[in-house]
Amino acid sequence: MAEYLPLIVAALIPLAVPVLALAAAGLDAALTARARGTSVAVGAARPLREITRLLRQQRRTVLGADRLLWRIGGVGLIVASFLAVIVVPFGDTVAADLPIGVVWFNTIDVALWALWWMLGWGANGAYALIGGYRFLAQALAYELPLMFALTAPAVAAGSLNVGEVADAQSGLWFVVSMPIAALVYLVSVAAFSAWGPFSPAAGRDLAGGVLGELSGIDRLLVKAGRWCLLVAGSAFAVPMFFGGGAGPLLPEPVWVVIKTVLVLLVLVFAGRAIPAVPPQRLAEIGWVVLVPLTLLQLLITSIVSATGTGGM
Amino acid sequence: MAVTAGGYADVSALLLEAPGETVLRIAAEAVLAAGGGVIAETPASANALVLCGEMPERYDDLVERLWQQMPYPKTRVELSAVSTVSAAVDAGARRIRDLPAQRAAALREPVPVVAAMPAHDMSGMSGHDMSGMSGHDMSSMSGGADEHAGHDMSGMSGADEHAGHDMSSMSGHDMSSMSGGAGEHAGHDMSGMSGAGEHAGHDMSSMSGHDMSGMSGHDMSSMSGGAGEHAGHDMSSMSGHDMSSMSGGADEHAGHDMSSMSGHDMSSMSGGADEHAGHDMSSMSGHDMSSMSGHDMSSMSGHDMSGMSGHDHMNMAGPGGYPLAMGDDDRDGLEMDVLNRTLGPFLPEWDPRLLLHVVLAGDTVRSATVEIVAAPAVDPAAPVLRLDLAVRMLRLAGWPAVADRAARARDAAAAGESERARHDAVSARRSVARSIVLRWALRGLAVDGIPLRDVLLGALDDAARMLGGETPRTAPIVRTAAEIVELVTGRDLGTARLLVAAVHPDPADTGAPEPEPMDHSAMGHGDAAPAAEHSGMDHSGMNHGGMNHGGMNHGGMNHG
């Protein structure tokens, strides 16, 4: 039985991630309805209605679209989110227990550059393309800080295996011992999901940008993919910064899910509370502020873990 | 409320506001939101096309294009008065749910393949711009999708006299749109344009007069040649510059000259003869096309038309027959793509009275011309309008959560519930005032010396004050066409949109071209007939001046 557990977890990921994504989208829609002063219940059900609407909608294409790249970008986001979650340990069970799980996650995150850009490029429209480039400008700002933020827990744990990183937090969660890395990581999750302040790639000033020309199932996959990425980023935060499955009473996998939901809530609320950050100004913060800060974090972490090891 | 909550949860509405019908659009937004519907940003994501007020004739083609771009199931809702908005939207929502009827309608039409976005703003290839040209047949060309593109062109041929003119006028913007269509036919129709054989020469000449001159500095002169005789010859002379061969009047040579032109844009256009035509066209920039008119058009077929499009920059047709952007030196000295677009009239959060013809280098507005469409007067100082301005700015600034609160205040104000409106306006203002990120994002942006953040705060403040029976402290900012040009030039698209959203276009100023050398916009007017005199043709105005490239055609194109 035990040898099938990873397979079962792997099979559950494509179900559980979209369910959480739908819940997050429903929460966001409910909050939108509340802000607008309309029925919150109707708002919460809106994503479901949107799914049925888009499933019935004709699949439109665009003149001269680069259909292959466009479709890859469209399906890619949701697939990337599943792939990111397969290295997250649920207790002792991991769908894919890679020795270099941290690098795997980073690889997925870099693939998102291409996927978002392909969405913008494929539509063969000026606004979509500008949206794609906005994402790249944004990615340029968050990517290095994110990589350093991921490096810090790995250095502290002395391993690139996500399970070992989680186990290394038995004394103190990394969110406490390396708060800057944790914060930069969470900001980057919002950024690679093009969520909240990092949504100019799909901005209203670009009439939807990378999303603008999408209809039907293609639109559904991309919108769902965005939320799934947010979920995946939240899930990966748990073993990296929030102690993995550690917690009282409940079994470890349940704690992982609970913590994922809590991180997701933080991302949803924070994303709504902050206006868009112009991508061209983000580089200033990313490189002048965040890179030095994350490097400093890394330095502190390295010294602490080196002296800690030496002391023993 | 006439509608049960959730009645429109399956409605995604593309709201098209007729110039001056802001109040009607606000009412439609409120009704849709109350029923759980959403406002779509593009036709692709919409299932209801909601026309708020009666559209001016020149927008008709554009509306039609947007309708065609919408996937099924879809419906069209026409609103004429605030009192009947609910009933009309209700009926529309019912039509969307009538799936058998929707399916039947969808089966009658092929799966939509449409030009991206363009329709939305006049920009596109799709021929929207054409409409401006109306009076000429161009408008029909727009016809949208790939298939027809060309056909309408023929219409142009119509009067011989114009031939020259129309072409010319089109040149600027519209050419591009024609191309729009799919590559396939494009060409055919063109032939129509050629119109009577006799003129051919004429047009050339006529154009030459104008355009050529504009082009001057370059060799255009030779083109004028009018009659078939010279065609080929001149080419050579022009060589240094672009146009040379265009004259091409005679069928025979066409091809030859091309070569000389090379290096520059026009090179092959001359192509008078049908045989070659195709090739060169591509290289020709917008202007030349015109000259080619008589004969060559036909030959140009397919490929090039599109290329002609923009003025100069756009070159050969790209994927789907759109013009590809041409490179030009950016401010930092690196080469950057340059695109001609028209923003408006139906972009989200955009005043439909405003048409902003821009030259984009990447996402930077290199240069612009503005038209302000005459419309019934709306008092921008009314609390509802002040709040609407805040809503639009907040949405463009990417803060939907607070924009929604401002929209709630706006809708309450429109419904006469002043106290609730005031409360919500104050709440939205508090969020805006507190946000450090918003302050930072808007840093350095100002209209008329007033920081953009203060414009936003002032709109919310004054609305709250007026709703509470006090007098406002600031007045809405009204800007003329020339001032709006100044506002957006050199800005990135996002910033330009925010700045434009902060002001109201001055209804007394139509952005008429006379005083300015670059009358790009001439075409837009629809009465562009005297195009020749208008800068439309004027090379100097448009290409160079407008695009700033003094010499960029040459330089830029030479690379190729």
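Buried residues account for 60% of the 312 residues of chain A, where buried stands for 20 or more other C-beta atoms within 10 Å of the residue's own, exposed for 12 or fewer, and partly exposed for the range in between, with C-beta atoms placed from the backbone. The model is a predicted one, in which local features need pLDDT of at least 70 and side-chain atom pairs count only at pLDDT 80 or more, while totals for chains, interfaces and linings use all residues. Residues are numbered from 1 along each chain as its sequence is written, and chains are lettered from A and ligands numbered from 1 in the order in which they are written.

Chain A holds 11 helices and 1 strand; helices (H or I, at least four residues) and strands (E, at least two) are DSSP runs, numbered from the N terminus. Its elements follow the order α-α-β-α-α-α-α-α-α-α-α-α from the N terminus on. The radius of gyration of chain A is 20 Å, in agreement with the value near 20 Å for a compact globule of 312 residues; the radius is taken over C-alpha atoms, and the globule rule is 2.2 Å times the number of residues to the power 0.38. The C-alpha trace of chain A spans about 65 × 50 × 40 Å along its principal axes. Of the contacts in chain A between residues at least 6 apart in sequence, 79% join residues at least 24 apart, a contact being two residues whose C-beta atoms, placed from the backbone, lie within 7 Å.

Turning to the complex, the predictor assigns an ipTM of 0.94 and a pTM of 0.73. The contact between the chains draws 50 residues from chain A and 54 residues from chain B. Several elements of chain A each supply at least two residues to the side that touches chain B, among them helix H1 (5-36), helix H2 (40-56) and strand S1 (61-62). H2(A) gives the largest share of that side, 7 residues.

Confidence in chain B deserves a separate look. Its mean pLDDT is 63, with 49% of its residues at 70 or more; pLDDT is the predictor's confidence in each residue, from 0 to 100. Within chain B, the mean is lowest in helix H24 (residues 539-547), at 28, and highest in H17(B), at 96. The pLDDT also stays under 50 over residues 514-560 of chain B, for which the model has 131 contacts beyond four places in sequence.

Chain B is divided into domain 1 (12-108), domain 2 (126-226 + 235-321) and domain 3 (383-475), with bounds that come from an automatic or database domain assignment. The centres of domain 1 and domain 3 of chain B, taken over C-alpha atoms, are separated by 27 Å. Contacts between these two domains involve 4 residues of domain 1 and 6 residues of domain 3.

An open sheet of chain B has 4 strands in the order S2-S1-S3-S4, with parallel pairing. Strand S2 (38-39) and strand S4 (75-79) stand at the edges with a single partner strand each, so one side of each lacks a neighbour in the sheet. Strand S1 (residues 12-17) and S2(B) pair over 2 bridges, two strands being paired if DSSP finds at least two bridges between them. B:Ser12 stands opposite B:Val38 in S2(B).

Finally, B:Val384 is found in helix H17 (residues 383-396) of chain B. B:Val384 is buried, as 24 other C-beta atoms lie within 10 Å. Residues up to four places away in sequence aside, B:Val384 touches B:Ile26, B:Arg410, B:Ala413 and B:Ala414.
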